[in-house]
Amino acid sequence: MESVTVRELRNHGGEVLDRVARGEALVVTRDGAEVAELRPRTRRSPSASDLIARRRHLPVVDPDALRRDMDTVLDAEL
């Protein structure tokens, strides 16, 4: 795990937090000693009721129109 100093955290806090937001875990050191760990928050998986509610708001898809659209873009010879 990589580390950052307290000074780096203070002077470049936004950049450090951007690294964490991208999934990197960092140890914060002060005078060479590890004092804290910064890591991304675990994201809660959506519940079944949340997924069902989202599904209700999706647009209706006409499978035949979708196929026609795909056929105009993709080369059937591939």
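Biologist: Which residues of helix H2 (residues 13-21) are buried?

Modeller: In this predicted model, the buried residues of H2 are Gly13, Val16 and Val20. They span an arc of only 65° around the axis, and therefore lie on the same side of H2. Glu15 and Ala21, on the other side, are exposed.

Biologist: What do the buried residues of H2 pack against?

Modeller: One partner is helix H1 (6-11). The others are strands, namely S1 (2-5), S2 (26-30) and S3 (33-38).

Biologist: Is Ala25 buried, partly exposed or exposed?

Modeller: Ala25 sits in the loop between H2 and S2. Beyond its neighbours within four places in sequence, Ala25 contacts Met1, Glu2, Leu38 and Arg39. The C-alpha atoms of Ala25 and Arg39 are 4.3 Å apart, although 14 residues separate the two along the chain. Buried requires under 20% and exposed over 50%, so Ala25, at 26% relative accessibility, is partly exposed.

Biologist: In which sense does S2 pair with S3, parallel or antiparallel?

Modeller: S2 and S3 form a hairpin with two residues between them, and Asp31 in the turn has a positive phi of about 55°. Thr29 stands opposite Glu34 in S3. Over five bridges, the sense of the S2 and S3 pairing is antiparallel.

Biologist: How many bridges link S1 and S2?

Modeller: Ser3 stands opposite Val27 in S2. S1 and S2 pair in the parallel sense, and the number of bridges is four.

How values were computed
Residues are numbered from 1 along each chain as its sequence is written. This is a predicted model: local features need pLDDT of at least 70, side-chain atom pairs count only at pLDDT 80 or more; totals for chains, interfaces and linings use all residues. Side-chain values use heavy atoms; hydrogens and water are left out. Buried means under 20% relative accessible area, exposed over 50%, partly exposed in between (1.4 Å probe, protein chains only). The arc is that of the directions from the helix axis to the C-beta atoms. Contact means heavy atoms within 4.5 Å. Two strands pair if DSSP finds at least two bridges between them.
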